[in-house]
Amino acid sequence: MEGFLVRSPGGQGRPLRGEVRVGGAKNSALKLMAASLLAPGTTTITNLPDILDVDVMARLLDELGCTTRVDHTRAVVEIDVPEELAHHAPYQLVRRLRASISVLGPLLARCGRAEVALPGGDAIGSRGLDMHLEGLERLGAESRIEHGYVVAEATAGLHGAEVGLEFPSVGATENILLAATLADGTTVLDNVAREPEIADLCGMLVAMGARIDGIGSGTLRVEGVRRLSPVEHATVGDRIVGGTWAFAAAIAGGEVEVHGVDPAHLGIVLDKLDRAGAQVTRHEHGFGVRVERRLRSFDVVTLPFPGFPTDLQPFAMALAAVSDGTAMVTENVFEARFMFAQELARLGADVHVDGHHAVVRGRPRLSGAEVVAHDIRAGAALVLAGLAAEGETTVADSFHVDRGYPGFVEQLTGLGVDIERVELADLDDR
Ligand code: UD1
């Protein structure tokens with residue numbers, strides 16, 4: 001089993017110093033790749049993150065009849081999409097990538113039928129699909145679950161409709177939006193997610209010829225068109241990875257310059273760090289975070305964008321564990337995210353969870369221990385907590401982290417962190 005080993009002799013490590021370049025957002029690139037299915041011809045996506053999920057999505061597109069060429073050295077994928085697509089997304093691929101559910105909308109729009117295995121993905125809660133399916137039903141698709149697959153059919157084609165989401169789900173917004181671009185008539189999608197990755201997807205769809213009004217707002221109006229054309233599109237910078245580096249500086253101290261992320265996409269996060277005592281400077285395509293002393297604790301409530309992102313919640317908790325004061329962390333999006341708190345407690349954090357609230361009392365430093373990553377963000381947050389944990393911290397199951405952070409170890413090393421990849425004995429064998 002692979003893991004990370006972080007050494008932090010006095011529990012204060014060395015202050016971080018340096019620059020990091022952030023690539024394209026995982027949560028955008030995968031959806032842009034799915035969107036390519038809407039247009040026969042060759043789509044090119046640039047600023048592609050160098051992560052395994054991209055290769056899994058490419059294999060899924062190949063399975064659907066496309067020919068994909070991923071070039072990680074140039075951060076580009078070219079996708080040849082045929083006139084006739086296959087409509088079966090098999091479990092062996094889908095289970096490795098929750099985002100593969102986003103082929104459902106495009107397949108329905110192009111083929112009038114889709115069979116997509118029920119996804120797996122991160123171990124962070126039940127992650128239902130009810131809003132995806134209800135929305136697609138409003139557009140004229142019938143769906144059922146059969147042998148572990150979502151089987152959806154729109155025998156008479158898709159038509160425009162009014163769809164109000166119960167909650168601004170990112171995945172449901174994307175799937176319904178993708179289907180609506182080729183539906184007959186106008187779709188009004190209300191209470192949609194406003195994450196920057198959705199605006200990125202809308203930007204690509206508009207360039208392809210889709211008619212979408214209200215981009216960036218809570219209501220999208222989509223006038224269906226008959227055909228879309230392939231384009232070249234650059235993926236938006238990964239705000240979650242950018243935010244991770246901001247928290248790295250906040251936890252370890254020092255000064256980090258982050259390039260490749262729009263600081264407006266991290267508005268509330270950078271504001272909170274600023275108010276806690278960090279010096280944040282914002283640029284057009286990046287930001288800097290300078291931390292000279294222990295920060296003051298702050299409360300966090302996760303909410304859909306522009307609220308505090310749930311994906312950065314574990315980092316906020318790790319920071320609170322070593323900040324001055326007490327913080328209340330409230331998780332409103334994924335109920336199981338607090339599995340992370342138990343691992344953080346193994347590092348000596350004073351954290352008490354009650355339902356979807358956690359109270360974290362800051363300590364000057366933590367204490368190195370063996371911990372396990374349960375998902376991408378929890379894994380990365382444990383490594384950062386390790387920067388403030390006296391002695392050695394090992395984080396097992398590093399593969400989770402590699403799914404979201406290309407070159408994680410190299411980038412941390414570049415900032416002055418003492419970290420390496422290690423082979424760990426299986427926990428059960430120890
Ligand atoms: C996406 C991101 C994930 C991020 C999340 C919220 C990808 C690949 N993943 O996940 O990193 O944490 O947005 O910003 O882009 N829900 C339902 N029924 C549905 C749909 C969602 O109950 O039909 C629930 C989910 O269980 C969850 C909440 O709604 O509790 C939010 O989910 P959603 O916004 O859809 O997140 P994802 O698209 O899965």
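Both domain 1 (2-23 + 237-429) and domain 2 (85-234) contribute at least three residues to the shell around the ligand; the domain bounds come from an automatic or database domain assignment. This is a predicted model, in which local features need pLDDT of at least 70 and side-chain atom pairs count only at pLDDT 80 or more, while totals for chains, interfaces and linings use all residues. Residues are numbered from 1 along each chain as its sequence is written, and side-chain values use heavy atoms, with hydrogens and water left out.

The centres of domain 1 and domain 2, taken over C-alpha atoms, are 32 Å apart.

**Ligand site**

The ligand is surrounded by 19 residues, and the closest of these are K31, D130, S169, D311 and V333. By class, the shell holds seven nonpolar, six polar and six charged residues. In this classification Ala, Val, Leu, Ile, Met, Phe, Trp, Tyr, Cys and Pro count as nonpolar, Asp, Glu, Lys and Arg as charged, and the others, Gly among them, as polar.

At least two shell residues come from each of helix 1 (26-35), helix 5 (130-138) and helix 6 (170-180). Helix 5 provides the largest share, three residues. Helices (H or I, at least four residues) and strands (E, at least two) are DSSP runs, numbered from the N terminus.

A polar side-chain atom of D130 is 2.5 Å from a nitrogen atom of the ligand. On the backbone, an N or O atom of V333 lies 2.5 Å from a ligand oxygen atom, and a polar atom of G128 lies 3.3 Å from an oxygen atom of the ligand. The ligand taken alone exposes 740 Å², of which the protein buries 86%; accessible areas come from the Shrake-Rupley method with a 1.4 Å probe.

**Second largest pocket**

Pockets and cavities are found on a 1 Å grid over the protein atoms alone: a cavity is a set of points where a 1.4 Å probe fits but cannot get out, a pocket is an open set with protein on both sides within 12 Å along at least five of seven lines, and lining residues have an atom within 4 Å of a point. Grid points are joined across faces, edges and corners, and a volume is the space filled by probe spheres set on the points.

The second largest pocket has a volume of about 370 Å³. It is lined by 23 residues, and I251, A252, G253, R293 and R294 are the closest to its centre. Helix 8 (239-252), strand 15 (254-259) and strand 17 (286-291) each supply at least two lining residues, with the largest share, three residues, coming from helix 8. The lining divides into 11 nonpolar, four polar and eight charged residues.

**Cavities**

There are two cavities of 30 Å³ or more.

| Cavity | Volume | Lining by class |
|---|---|---|
| Largest cavity | about 50 Å³ | two nonpolar, one polar and six charged residues |
| Second largest cavity | about 40 Å³ | five nonpolar, two polar and two charged residues |

The largest cavity is lined by A25, K26, N27, E197, D238, R239, I240, D311 and R377. Helix 1 and helix 8 each supply at least two residues of this lining. The second largest cavity is lined by V192, A193, R194, E195, I198, A199, G216, S217 and L220.

Notes: A residue is near a molecule or strand if one of its heavy atoms lies within 4 Å of it. A polar contact is a pair of N or O atoms within 3.5 Å; within protein, one must be able to donate a hydrogen and the other to accept it, and residues adjacent in sequence count only if both atoms are side-chain atoms.
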